[in-house]
Amino acid sequence: MDKGIYKSKIKPFSGGRWVQVSKKAYRLYNNIKARTKRRTYIRSAYFKGEKIFLEIFWRHLHQKENLRDKTRRVKYLPCAIELIENSYVQPETKPHPKNHSETVHRFTGITSSGMLFRVQIKEDKNGGLWLMSIFPYDK
């Protein structure tokens with residue numbers, strides 16, 4: 001299983017509907033985007049300050065048809081960003097199931113309210129790191 005779980009100090013977004021949660025998520029994303037000149041990224045503590053790009057996460061999220069699923073994923077965005085920026089906990093790492101030239105890193109975190117979540121980061125063959133997915137996690 002995991003070698004550790006990052007304990008987040010931030011609570012997930014409140015709200016039960018996509019409209020409520022997405023406004024908060026886009027506000028957070030736009031604040032991050034304003035700090036960067038080209039592609040939107042955050043720096044990772046675990047990957048020694050390397051950039052984690054965020055575009056694939058939004059593309060992946062918009063491919064989801066189910067609003068309830070989108071809502072439950074995007075609720076954990078502030079916790080996931082904190083995890084990426086501050087965590088030194090070693091993730092579960094394995095080859096990407098569809099593309100063997102890529103590696104998938106899965107970080108596990110727990111919110112301040114005790115809910116488990118996972119953050120999935122893809123590393124491509126050129127060393128680029130991309131936030132792929134955030135989702136609630138049941139052991």
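User: What kind of model is it?

Analyst: This is a predicted model, in which local features need pLDDT of at least 70 and side-chain atom pairs count only at pLDDT 80 or more, while totals for chains, interfaces and linings use all residues. Residues are numbered from 1 along each chain as its sequence is written, and side-chain values use heavy atoms, with hydrogens and water left out.

User: Let us take β6. Is it mostly covered or mostly uncovered?

Analyst: Strand β6, residues 116-123, is mostly covered, with seven of its eight residues buried. Buried means under 20% relative accessible area, exposed means over 50%, and partly exposed lies in between (1.4 Å probe, protein chains only). Strands are DSSP runs of E with at least two residues, helices are runs of H or I with at least four, and both are numbered from the N terminus.

User: Which strands does β6 pair with?

Analyst: On one side of the sequence there is β5, residues 103-110, which pairs with β6 in the antiparallel sense over eight bridges. Strand β7, residues 129-136, is joined to β6 by seven bridges and also runs antiparallel to it. Two strands pair if DSSP finds at least two bridges between them.

User: Which residues are bridge partners there?

Analyst: Thr-103 has Glu-123 of β6 as its bridge partner, and Lys-122 has Trp-130 of β7.

User: And what about the turns?

Analyst: β5 and β6 form a hairpin with five residues between them, and Gly-114 in that turn has a positive phi of about 90 degrees. β6 and β7 also form a hairpin with five residues between them, where Gly-127 has a positive phi of about 90 degrees. Gly-127 is partly exposed because its relative accessibility is 33%.

User: Where is there a positive phi in a residue that is not a glycine?

Analyst: Lys-48 has one, of about 55 degrees. Most residues other than glycine have a negative phi. Lys-48 lies in the loop between β2 and β3, and it counts as exposed because its relative accessible area is 76%.

User: Changing topic: how many salt bridges are there?

Analyst: The count comes to five. A salt bridge is a side-chain nitrogen of Lys or Arg within 4 Å of a carboxyl oxygen of Asp or Glu.

User: Which ones involve Glu-92?

Analyst: Glu-92 forms a salt bridge with Lys-94, the closest N and O atoms being 3.7 Å apart. Glu-92 also meets Arg-118 in a salt bridge, at 2.9 Å from N to O. Glu-92 lies in strand β4 and Arg-118 in strand β6, so this pair ties together parts that are 26 residues apart in sequence.

User: Are those two buried or exposed?

Analyst: Arg-118 is buried, at 5% relative accessibility, whereas Glu-92 is partly exposed, at 24%.

User: What does Lys-122 pair with in a salt bridge?

Analyst: Lys-122 forms a salt bridge with Glu-102, with the closest N and O atoms 3.7 Å apart. The pair links distant parts of the chain, 20 residues apart: Glu-102 is in the loop between β4 and β5, and Lys-122 is in strand β6. Glu-102 is buried at 12% relative accessible area, and Lys-122 is buried at 14%.

User: Which residues form a network of salt bridges?

Analyst: Asp-69, Arg-72 and Arg-73 are linked in such a network.
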